[in-house]
Amino acid sequence: MTAYKSGDPTTLKRLYGRTKGKKLRGLQSDLMQDLLPQIGLPKDGAITAARLFGTDRPLHFEIGFGAGEHMAARANMLPDHGFIGCEPYENGVAAALTQIDNYQGMGPLANIRLHMGGALEILERIPDGALSFVYLLHPDPWPKARHAKRRMMNDGPVDMIAAKLKRGGEFRFGTDHPVYLRHALMIMQRHRHQFDWLAAHPADFQNRPAGWPETRYEAKARRQGHEVWYYRWRRR
Ligand SMILES: C[S@@+](CC[C@H](N)C(=O)[O-])C[C@H]1O[C@@H](n2cnc3c(N)ncnc32)[C@H](O)[C@@H]1O
C-alpha cells in the first residue's frame, strides 16, 4: 500500500497535469469566448446557490469533470439543482461547453457554472455545509508512491469536502485504478468521523448505482477490460 505523505494538495495549492491540448477551433473556440464568460464563476467572494442561480437550491460540485458527460447528464436529470464544475484542462472545458450549449439536441443546460482551473480554490469559497453532492470521478491516479501527495484523495481535500457538504450530503468517488482505490480507502478510513460508507454488499461498489451517469474515463476503462469501483459516502 502506498504510504501516506504529508503535504497534500490543500497545502500545496498547485495544479499537476496538462492544461492544454490541441488548439481549439470552430464551435468550441467560439463557446470558450462567448459562453464561458457567461457561466463562469464570480472572481471573488463567497460562492452560493443564490449568487449563481438567483435562488437557493441544492448545489452539486464536480472535481475534474473531464469532458463533462457526467456533469451534463446530472444537470439534465435535476434541472432545479445547481451544478458547479471545475476542470483545468482547456479542451475538456471546451467539450463540456458544447454539451451545456445544446444537450443532446434538446437545447441549453441553464443550471451549470464552470471554473477553468483547480477545484480546491473554488471549494474553499463555498460556505460550510452548502453542498448536497461532491463528485470525484476517475481522478488522475499519480500511481508512483512519491507522487501520492498529488492525489485529490488526501486528508486536506477530504476535510474540505467534509466541511462543505451538508449533513446527509453525498460524496461520490469512482476509479478503475487499484492503487488509487487502496489509497482512497486508507484515507477515507481516517475520516469515519465525518462519513458513513453507503454500501451493504460488494454489489453496491461493483455496479454503477442509479443516477450515476457514465464518464468518458469510465467507458475507456471498461473497454480496456478494467474493473470500475463506485463509492458513495454520506456526510454524518
Ligand atoms: C482522469 S481525468 C477524469 C475526467 C472525468 N472525471 C472522467 O471520469 O472522464 C482527471 C481529470 O481531473 C482533472 N484535474 C486534475 N487536477 C485537478 C484539480 N486540482 N482540480 C480539478 N480538476 C483536476 C484533470 O485535468 C482531468 O481532466
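This is a short tour of the structure above, stop by stop.

Before you click, note that the model is predicted, so local features need pLDDT of at least 70 and side-chain atom pairs count only at pLDDT 80 or more, while totals for chains, interfaces and linings use all residues. Residues are numbered from 1 along each chain as its sequence is written.

**Stop 1: the ligand.** Select the ligand and its shell: 21 residues surround the ligand, and the closest are Gly64, Gly66, His138, Thr215 and Tyr217. By class, the shell has 10 nonpolar, 7 polar and 4 charged residues; Ala, Val, Leu, Ile, Met, Phe, Trp, Tyr, Cys and Pro count as nonpolar, Asp, Glu, Lys and Arg as charged, and the others, Gly among them, as polar. Helix H10 (residues 216–223) gives the most to this shell, with 3 residues. Helices (H or I, at least four residues) and strands (E, at least two) are DSSP runs, numbered from the N terminus.

**Stop 2: lysine 220.** Stay on helix H10, where you will find lysine 220. Lysine 220 counts as exposed because it has 12 C-beta neighbours inside 10 Å. By definition, 20 or more other C-beta atoms within 10 Å make a residue buried, 12 or fewer make it exposed, and counts in between make it partly exposed, with C-beta atoms placed from the backbone.

**Stop 3: strand S4.** Now select residues 131–137, strand S4. Here 6 of its 7 residues are buried. Strand S1 (residues 59–63) runs parallel to S4 and is joined to it by 4 bridges; look for histidine 60 opposite phenylalanine 133. S4 also pairs with S5 in the parallel sense, over 6 bridges, where strands pair if DSSP finds at least two bridges between them. Leucine 131 has leucine 165 as its bridge partner in S5.

**Stop 4: helix H7.** Which residues of helix H7 (residues 155–164) are buried? Select Pro157, Val158, Ile161 and Lys164. Seen down the axis of H7, these buried residues fall within an arc of 130°, so they line one face of the helix; the arc is that of the directions from the helix axis to the C-beta atoms.

**Stop 5: tryptophan 142.** Finish in the loop between S4 and H7, at tryptophan 142. Its phi is near 40°, a positive value in a residue other than glycine. Tryptophan 142 counts as buried because it has 20 C-beta neighbours inside 10 Å.

Key. A residue is near a molecule or strand if its C-beta atom, placed from the backbone, lies within 6 Å of it. Two residues are in contact if their C-beta atoms, placed from the backbone, lie within 7 Å.
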